[in-house]
Amino acid sequence: MIEESITTHLLDKPPHLIGSVDDYSISDIEWIASQFDIPGPIEVANFPGKGNINLHTYEVRAAGNEYLLQKVNSNVFTMPYRVMKSMTASIKAQSEAISNGMGDPIWVPIELVSTRHGHEFLDLTDEHGWSVWRLMIRIPNSASYKSLGEIEDRGAQLKLAEEVGKGLAIYSDLTSSIDPKSIAGSLPGYRDTPLYYSQFHSVMACNRTLASADEYLPQDPIVRDSTQQHFVVTLSDKEYAARKSDPELAPFIELVEEREPFALGLWAAIEDGRIRHTLIHGDTKIENFLFCAETGKVKALVDLDTIMPFTWLADWGDLQRSMVNVAGEKERDHTKVVVDREVYESVAKGFLSSAQEVTEHEISMMVFAVQAITLELGLRFLTDYLRGDTYFRLGPNDPADLNKVRAIVQLTLYRRLVEFGPEAELRLRSFRAR
């Protein structure tokens, strides 16, 4: 059910801009931008750097200032009010911490522009569907990268990796004051390792209906409603049998079954109080960090859509997992899946040289966290391949076994990370001792 729109009724709203609209003209975007508290005249254009989620992202120029206008993708984020509440809480916490002398002088939190009615976002939601828009001041003099591979010089690569680690530490420190109980995750079931294992076991049992999968389904009604479709097999009997009995997958199925207690380690540590329950960013890939275009220093962490309660160790683990995988996630030659140890060391050095709000026990779990998050992602790809690719959906040009390939890459990377574990522990201890 659509919640009541929070925006005052707009008398001049074009009648065709109902909530379900997904195709906008330039004049539509100009009208939407004009509802925010910025001076005219307004110029808009498509933003070339938009990602794969928030597809409606536009550049806005007004009175010499630059902004980014963005519609929250309600197909992915089915609770966009949660997205905006988490985002504003993160921005407020960063700004207040900086005003109290925390962080780095170069760090710049995202800044939202209010609507003309004083709201933090424009809400065009109606009985036809969600339509939630936000306008952000574009952070000037910034550079971003989709991967370290965009930089040719090895020394510059490692310096950038160190800055990424530093950026995660700064963001985690600045937002550590937020009470995790005050924020509900924008993606119910995301980063829920026990839930991912329940999906795996349900799929391995070949449940094809929600009734037959009932014992595996989550009790929380919101999580259940958001994730239940991923507990059932959608493949034909023949295709399911072929995928499940694939001899290439057999050792990886055995691996995820055997390592289930290990994978649940972060959850266990939170439950028994060994590590703090905090808010996390939820998507700490390199492209979500901004760097000073002149100095290369990290200056922001953007894309605040996946904020949720958990532990910063999950952000750390996912960051390292994505940074050190030399082969990428689609490599079919498993011998090429190795850990870039210099990058691992650089990210760790950047993080530990800057982190303030961390505990010794959390530090002791940093190596483990990288392994656990990598194992979790491998499990997710594997389960999705076995049930019929219902979550990591395939594009028209993708091979039918893409999620199998992704699963094997991540689970192979997990093994390489375990092999590297003792050396990684020594390196992290040396950084902390300095």
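This is a predicted model: local features need pLDDT of at least 70, side-chain atom pairs count only at pLDDT 80 or more; totals for chains, interfaces and linings use all residues.
**Whole chain.** I looked up the secondary structure and got 14 helices and 10 strands. Next came the radius of gyration: it is 22 Å, close to the 22 Å from the globule rule for 434 residues, so the chain is as compact as a globular protein of that length. Along the principal axes, I have the C-alpha trace spanning about 60 × 55 × 40 Å.

I then checked burial, and 54% of the 434 residues are buried. For contacts between residues at least 6 apart in sequence, I found that 75% join residues at least 24 apart. I put the accessible surface at about 19,400 Å², with 51% of that area belonging to carbon and sulfur atoms. I also looked at charges: there are 44 positive and 64 negative ones, and their mean positions sit 4 Å apart.

**Around the cis bond.** Which residues does a cis peptide bond join? I found Gly 40 and Pro 41, with omega at about -5°. Pro 41 is in the loop that runs between α1 (26-34) and β1 (42-46).

That made me look back at α1, where Asp 28, Ile 29, Trp 31, Ile 32 and Ala 33 are buried. What covers them? My list includes β1, β2 (57-62), β3 (65-71), β4 (122-123) and β5 (132-137).

A reminder to myself: in soluble globular proteins, nonpolar side chains tend to be buried together. In this chain the largest nonpolar core has 118 residues, and Trp 316, Tyr 344 and Phe 351 touch the most other members. Helix α13 (residues 366-387) gives this core its largest share, 14 residues. I also found another core lying apart from that one, with 21 residues, including Val 21, Ile 29, Trp 31 and Ile 38. Ile 29 and Trp 31 were already on my list of buried residues in α1.

**Tyr 344 and Gln 320.** Beyond its neighbours within four places in sequence, Tyr 344 contacts Gln 320, Val 324, Val 339, Val 367, Val 370, Leu 417, Phe 420, Ala 424 and Leu 428.

Is Gln 320 buried or exposed? Its relative accessibility is 0%, so it counts as buried. I looked up its partners too, again skipping those within four places in sequence: Gln 320 contacts Val 343, Tyr 344, Val 347, Ala 348 and Val 370.

**Two positive phi angles.** Last, I went through backbone angles. Asp 303 has a positive phi near 60° without being a glycine. I placed Asp 303 in the loop between β9 (298-301) and β10 (308-310). With 28% relative accessibility, Asp 303 counts as partly exposed.

Asp 389 is no glycine, and its phi is positive as well, at about 60°. I found Asp 389 in the loop from α13 to α14 (402-433). Why does Asp 389 count as buried? Its relative accessibility is 9%, and the cut-off for buried is under 20%.

Note on methods:
Residues are numbered from 1 along each chain as its sequence is written. Side-chain values use heavy atoms; hydrogens and water are left out. A nonpolar core is a set of buried Ala, Val, Leu, Ile, Met, Phe, Trp, Tyr and Cys residues joined through side-chain atoms within 4.5 Å. Buried means under 20% relative accessible area, exposed over 50%, partly exposed in between (1.4 Å probe, protein chains only). Helices (H or I, at least four residues) and strands (E, at least two) are DSSP runs, numbered from the N terminus. Contact means heavy atoms within 4.5 Å. The radius of gyration is taken over C-alpha atoms; the globule rule is 2.2 Å times the number of residues to the power 0.38. Accessible areas come from the Shrake-Rupley method with a 1.4 Å probe; for residues, only the protein chains shown count as cover. Lys and Arg count as positive and Asp and Glu as negative; His and the chain ends are not counted. The place of a charge is taken as NZ of Lys, CZ of Arg, CG of Asp or CD of Glu.
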